[in-house]
Amino acid sequence: MKDSQLTVTAYDWVPGFAQGHVRDLRVRWALEEAGFPYDVEVMAQGTQKKPAHLKRQPFGQIPTLEIDGQTMFESGAILWRIAEASAALLPDDAAARDRVLSWVFCALNTLEPPVGMLATLELFVSDKDAAARLRPEIAAAVTGVLERLVVALGDKPHIVGHFTVADIVLTTVLRDVPDDLLADLPSLRAYVDRHTARPAFQTALAGQMTLFAENAAKYERAG
Ligand SMILES: N[C@@H](CCC(=O)N[C@@H](CS)C(=O)NCC(=O)O)C(=O)O
């Protein structure tokens with residue numbers, strides 16, 4: 001994969017609340033950690049729902065990763081594909097790899113759904129009274145899974161042995177948890193800070209944010 005032609009899709013701009021949180025970040029971060037060179041295909045807002053993109057991503061979303069002309073979608077699948085090609089992201093030991101795979105699925109299937117539900121409630125539900133009424137219940141569901149994660153992580157720096165792809169997925173999900181819910185869980189706050197301090201994360205984040213800064217004027221003009 002190191003010598004493959006790799007192209008990740010990214011938006012040219014998103015609203016402020018989503019900046020630094022769009023899922024091409026995960027892919028860029030994994031590629032940076034692996035040391036695999038890649039191009040970025042910058043997509044103007046709206047083009048994600050056009051037939052050309054729907055052919056490669058059936059739901060009109062990003063990210064996709066093109067690998068030597070073959071396109072993959074779903075950030076979890078893409079990250080696993082990258083990890084399988086990089087010793088920087090997966091341990092050699094088969095049992096440890098299985099634990100990493102379990103944690104990747106856990107991040108996407110157990111943690112991300114309630115975190116995403118909370119974000120939907122806070123950002124997209126137009127009935128603000130209904131959102132405020134429902135928030136405590138959804139927040140409790142998020143806290144419930146986070147408290148189990150605290151126990152599983154214990155005082156380890158990474159979720160399985162050394163740094164792996166599971167830490168990338170977990171960190172990107174935890175970054176979407178509102179501050180008030182992480183405030184009482186210092187080990188998770190420290191976990192996020194430890195991983196987002198990595199140079200590969202910082203490079204990936206800068207790559208995403210630079211595009212938004214470059215294209216902001218175009219969208220602000222459009223109102
Ligand atoms: N499960 C998908 C979710 C992808 C997703 O939700 N992508 C968002 C950006 S983070 C998107 O492109 N949404 C459609 C849009 O903004 O029009 C994945 O992990 O790849």
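How many bridges join E3 to strand E4, and how do the two strands run? In this predicted model, 4 bridges join E3 to E4 (residues 70-73), and the strands run antiparallel.

**View 1. Strands E1, E3 and E4.** Strand E3 covers residues 64-67 and is joined to E1 by 3 bridges, the two strands running antiparallel. Leu6 has Ile67 in E3 as its bridge partner. On the pairing with E4, Leu65 is bridged to Met72. The hairpin of E3 and E4 has 2 residues between the strands, and Asp68 takes a positive phi near 45° there.

View 2. Residues around the ligand are Val22, Arg23, Gln48, Gly60, Gln61, Ile62, Pro63, Glu74, Ser75 and Gly76. By class, this shell holds 5 polar, 3 nonpolar and 2 charged residues.

**View 3. Domain 1 against domain 2.** The domain assignment gives domain 1 as 6-88 + 200-222 and domain 2 as 94-162 + 164-197. Their C-alpha centres are 21 Å apart.

**View 4. The largest nonpolar core.** This core has 46 residues, of which Ala30, Leu79, Trp103, Ala107, Val165, Ala166 and Val169 touch the most other members. Elements giving two or more residues to the core include strand E1 (6-11), helix H1 (24-34), helix H3 (75-84), helix H6 (165-174) and helix H9 (199-222). H4 gives the most, with 8 residues. The core lies between domain 1 and domain 2, because both give residues to it. In soluble globular proteins, nonpolar side chains tend to be buried together.

**View 5. Contacts of Ala107.** Ala107 is one of the core residues that touch the most other members. With neighbours within four places in sequence left aside, Ala107 is in contact with Glu112, Ala166, Val169, Leu170 and Val173.

**View 6. Met117 in helix H4.** Met117 is found in helix H4. Is Met117 buried or partly exposed? Met117 has 16 other C-beta atoms within 10 Å and is therefore partly exposed, since a buried residue would have 20 or more and an exposed one 12 or fewer. Ala52 is 65 residues from Met117 along the chain, and the C-alpha atoms of the two are separated by 29 Å.

Terms used: Residues numbered from 1 in each chain as written. Predicted model: local features only at pLDDT ≥ 70, side-chain atom pairs only at ≥ 80, totals over all residues. Near = placed C-beta within 6 Å. Nonpolar A, V, L, I, M, F, W, Y, C, P; charged D, E, K, R; others polar. Core = buried A, V, L, I, M, F, W, Y, C linked by C-beta atoms within 7 Å. Domains from an automatic or database assignment. Contact = placed C-beta atoms within 7 Å. Pairing = 2+ DSSP bridges.
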